[in-house]
Amino acid sequence: ITASSNPFFSELVRGVERSCFERGYSLVLCNTDGDEQRMNRNLETLLQKRVDGLLLLCTETHQPSPAIMKRYPAIPTVMMDWSPFDGGSDVIQDNSLLGGDIATRYLIDKGYTRIACVTGPLDKTPARLRLEGYRAAMQRAGLPVTEGYEVI
């Protein structure tokens with residue numbers, strides 16, 4: 001993961017660890033702190049030790065090395081949020097586009113007309129999709145997006 005201090009990741013790690021424990025597995029956690037070199041070194045070490053499986057929570061700006069992943073094709077891998085590779089991995093992904101739309105429609109249905117969207121960094125696909133969903137819902141409702149109401 002990028003950083004276990006992130007509240008989203010820390011809650012996720014708690015659930016994954018509990019699930020592993022219930023099934024007789026131990027969780028080995030590696031933080032990358034946004035360092036691509038560190039991520040790839042941790043990845044290589046884990047794969048060399050023949051872990052039973054791998055859950056990767058990487059970002060689009062720091063991707064695991066395809067060369068490392070190809071050397072260990074038999075190790076089951078699950079990518080979270082998005083996958084930088086075609087095939088070979090399962091992907092757990094939310095629907096950020098629909099989420100942005102649903103959240104905005106909820107507020108519109110409650111009678112709000114001046115609605116802002118806090119996206120997060122737009123170099124991340126989920127943030128871009130949430131913004132797109134927000135914009136679509138606002139447009140369908142005929143509501144203007146006020147300048148400054150898209151906070152990145």
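This is a predicted model: local features need pLDDT of at least 70, side-chain atom pairs count only at pLDDT 80 or more; totals for chains, interfaces and linings use all residues.
Reader: How many bridges join E1 and E2?
Author: Strand E1 (residues 54–56) pairs with strand E2 (residues 77–80) over 3 bridges, in the parallel sense. Leu-56 has Met-79 of E2 as its bridge partner.

Reader: And which residue of E3 is the bridge partner of Met-79?
Author: That partner is Val-91. Val-78 is likewise bridged to E3, with Asp-90 as its partner. E2 and strand E3 (residues 90–92) run parallel and are joined by 3 bridges.

Reader: Moving to the helices, at what angle do H4 and H5 cross?
Author: The axes of helix H4 (residues 96–109) and helix H5 (residues 125–140) cross at roughly 40° and come within 7 Å. H4 is therefore oblique to H5.

Reader: Is that crossing left-handed or right-handed?
Author: The crossing of H4 and H5 is right-handed.

Reader: Which residues make the contact?
Author: H4 contributes Ser-96, Leu-97, Gly-100, Asp-101, Thr-104, Arg-105 and Ile-108. Among those from H5 are Pro-126, Leu-129, Arg-130, Glu-132 and Tyr-134.

Reader: What is the make-up of that contact by class?
Author: The contact of H4 with H5 has 8 nonpolar, 4 polar and 5 charged residues.

Methods: Residues are numbered from 1 along each chain as its sequence is written. Side-chain values use heavy atoms; hydrogens and water are left out. Axes are lines fitted to C-alpha atoms, for helices over the stretch in contact, and angles run from 0 to 180 degrees between N-to-C directions. Helices (H or I, at least four residues) and strands (E, at least two) are DSSP runs, numbered from the N terminus. Angles under 35 degrees count as roughly parallel, over 145 as roughly antiparallel, 65 to 115 as roughly perpendicular and the rest as oblique. A crossing is left-handed if the near helix is turned anticlockwise from the far one by less than a right angle, and right-handed if clockwise. Contact means heavy atoms within 4.5 Å. Ala, Val, Leu, Ile, Met, Phe, Trp, Tyr, Cys and Pro count as nonpolar, Asp, Glu, Lys and Arg as charged, and the others, Gly among them, as polar. Two strands pair if DSSP finds at least two bridges between them.
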